[in-house]
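Student: I'm new to this structure and keep wondering what the descriptions rest on. Could you walk me through it?

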Amino acid sequence: MTFQGLLGDALFLLVLTFAAVPVGRYMYRVFEGQPTFLDRVMGKLEHGIFRLAGIDPEQGMDWRAYAMAFLLSNLVMAVLVYLILMFQQDLPLNPAHLGPVAPTTVFNTVASFITNTNWQVYSPEQTLSNLSEFALEFLQFTTPAAGIVVAIAFVRGFVAGRQDLGNYYRDLVRAMTRILLPITFVAAIALIALGVPDSLSGPAIAHTITGATQVIARAPVAGFEAIKQLGTNGGGIFNVNSAHPFENPGPLTNLIEEFLMALLPMALVFTFGHYIKNRRQAWIIYGVTMTLLVVLLLVAYSSEAAGNPLVHRLLGVAGPNWEGKETRFGISGSTLFATVTTAFTTGAVNTMHDSLMPLGGFVTLFQMMLNTVFGGDGAGLLNILMFVVISVFVTGLMVGRTPELFGKKIEVREVTAAAAAMLVHPFIVLGATALALATAAGRAGVFNPAYHGLSEVVYAFASPAANNGSAFAGLGAASPFYAISTGIVVLLGRYVSMLLMLYIAGSLLSKKTVPASTGTLRTDTWTFGWIYLGIVLIVGALTFFPVLALGPIAEQLAMLAGKVF
Amino acid sequence: MTLSIWRNVRLAVTLFVILGLGYSLVLVGIGQVLFPSQAQGSLIVRHGRIVGSSLIGQNFTGPGYFHGRPSATVNAVTGKPDPYNADNSAGSNLGPTNPALLSEIKGNIAAQRGQVSGAMPGNLVESSASGLDPEITLQAALEQVPAVSRQTGVPEATLRRLVAKEAEGPLLGLYGPWRVNVLELNLALRQIAGR
């Protein structure tokens, strides 16, 4: 670790926080229909969209209607993209003349992109036409928007005097026109200026000075890159994602991309504070989550900077771990990106996670297992609040007070649903891992030996379950076994908990708001904040520690003992 | 229900046209007008021919050139090693305790032994993430100066000046290491060596 690297990380997190606070307030204004500076332009666009779709955006929805609209719109969008991918060879905008895509790959890709995951079992430059990429880009707008609005609907369940959760379509469209589109548009132009290509010309053919021919794949990268990051999507337009010099040409683009990934999930914490009229509460959630993030970042950074002792001792090459890293980002720029992408569950990578040191890999894996280190757009806030509900119940039991949260009583129904939502994640991660290890088809995909091989398999289900999308990419994820199993895991990871959270919101909405009294356990205190963090960590440790011990932790110990497999 | 599905179809198609096509195509247009060179991939043209992209590394292994990082890219059809294949980016994905990692680095060290004078820089023998890394650290470039000088006849002092001229420092003094673009360095070297 260098002082310079640490200072860079600190400056980044500071700037991010300064931006997230006003963006959080802005998002509140957008969803509550208060005037904003984009009203004149975007109001017309929204009006046009609703007219073309024949949708009345003013009709309030209860939780059932909101959930139904969420599911139905997702299903229709998935089918549309499915058809485009299936028939890309017969459709326009295919300059590299790429052929049909394997059906299991299409299923996996559509499931992965409709759930904001962007787990990729294909090599994009060899597989998808420009039109197919545009179809995925469309989902990169709609899925973070859907995540954000479900989180907003949940938070509205706490607002006193509300009769409904809002209108799904109105929220969805406004999330795109007022938040995602303006920011990505500006960011994309900045990325082009900094060297990210945006071209429909197909590959360039270079005749090099050594007499070789180099085919250089090109694509409309910049637009894709901007929404991929801001939408916490993470799917690359090239195989190596943001490690590709065309997706991420330098330290400044690297910072912009990290910033875009982290902006909205962090801002949503502050949006939440505006909704419950308690900004202190938002700062406490921010504070404890940021503490965890910083600790994990330091673990990752120090282990990558220390380098691989096997390489040091057996080969006499000193220095940090350069395997799977790009020169221009350096060690700090690579580890910050790896930490941010798994905390904010984006899944873009500028470093090959499979080649991270065991503890570096541990950090990425652990953050996806916790799934609450800010998390993805909307989904992250939902997971955080799910744990807040559970924490308030647990602490209520401990001190013998009726659990109340932001003026609403938390009773059996809500806690049962929150606990079920909480259990889905470990269940699908560990269940699918066990299935993969128990079957020959699952074991056949493993690339690296021993403990690291186990980490590869766990990662392959933790990442889709957390709707992250990054990978220990050595795994043969394109095989039908993994294409289908990870495709199912992404769907369960997204929809089950979101529906349960909407159910809780519906239940809370129907309750009277009780004014805080001396008998109320206050949640906007640091004591509660640390208890919340403790519960997140205990649940994470209890469910995932055995597999972490057999994977990255065992590998770290073996490596320190000088063992090669 | 049917009505609801139909409305969603109309919404999805409308949004696809605006966000999938409109957004993308408008940006392509803006890129071509405002930043044509970057938008087309920062291509380097010499005597009317494209010789590469300043962002994409090339496979320099022979004498008379500065060498870049090891690349794990393969041929998309055969699956055989094809370093710096810019049509199929890939990293090695080798884990830290995998013996294949150690034997690969060992092979890379052997290949660079004659090229590097002092301590072997890890940056030069451990594979990049993309397989297309256009850069090496400044130290990895300076360590190659004596060998390149022997191979080309260009004095070491001249080469050091050249490397220093091509070197780029950290952004704001904080982000990214001191580094050199290998293709641009070799193009400049070729000019000096009169080849």
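This is a predicted model: local features need pLDDT of at least 70, side-chain atom pairs count only at pLDDT 80 or more; totals for chains, interfaces and linings use all residues.

Student: How do you know what radius of gyration to set chain B against?

Tutor: The globule rule takes 2.2 Å times the number of residues to the power 0.38. For 195 residues a compact globule would come out near 16 Å, but chain B has 22 Å.

Student: What makes a residue of chain B count as buried, and what share of them do?

Tutor: The cut-off is 20 or more other C-beta atoms within 10 Å of its own. In chain B, 50% of the 195 residues count as buried.

Student: Which domains is chain A divided into?

Tutor: Domain 1 covers 3-277 and domain 2 covers 379-558. Their centres, taken over C-alpha atoms, are separated by 24 Å.

Student: Why are domain 1 and domain 2 of chain A said to be in contact?

Tutor: Contact needs C-beta atoms within 7 Å, and because 35 residues of domain 1 of chain A are in contact with 38 residues of domain 2 of chain A, the word applies. On the domain 1 side, α3 (63-86), α4 (103-114), α6 (130-156) and α9 (251-275) of chain A each supply at least two residues. By class, that side has 20 nonpolar, twelve polar and three charged residues.

Definitions and conventions
Residues are numbered from 1 along each chain as its sequence is written. Chains are lettered from A and ligands numbered from 1 in the order in which they are written. A residue is buried if 20 or more other C-beta atoms lie within 10 Å of its own, exposed if 12 or fewer, and partly exposed in between; C-beta atoms are placed from the backbone. Domain bounds come from an automatic or database domain assignment. Two residues are in contact if their C-beta atoms, placed from the backbone, lie within 7 Å. Helices (H or I, at least four residues) and strands (E, at least two) are DSSP runs, numbered from the N terminus. Ala, Val, Leu, Ile, Met, Phe, Trp, Tyr, Cys and Pro count as nonpolar, Asp, Glu, Lys and Arg as charged, and the others, Gly among them, as polar.
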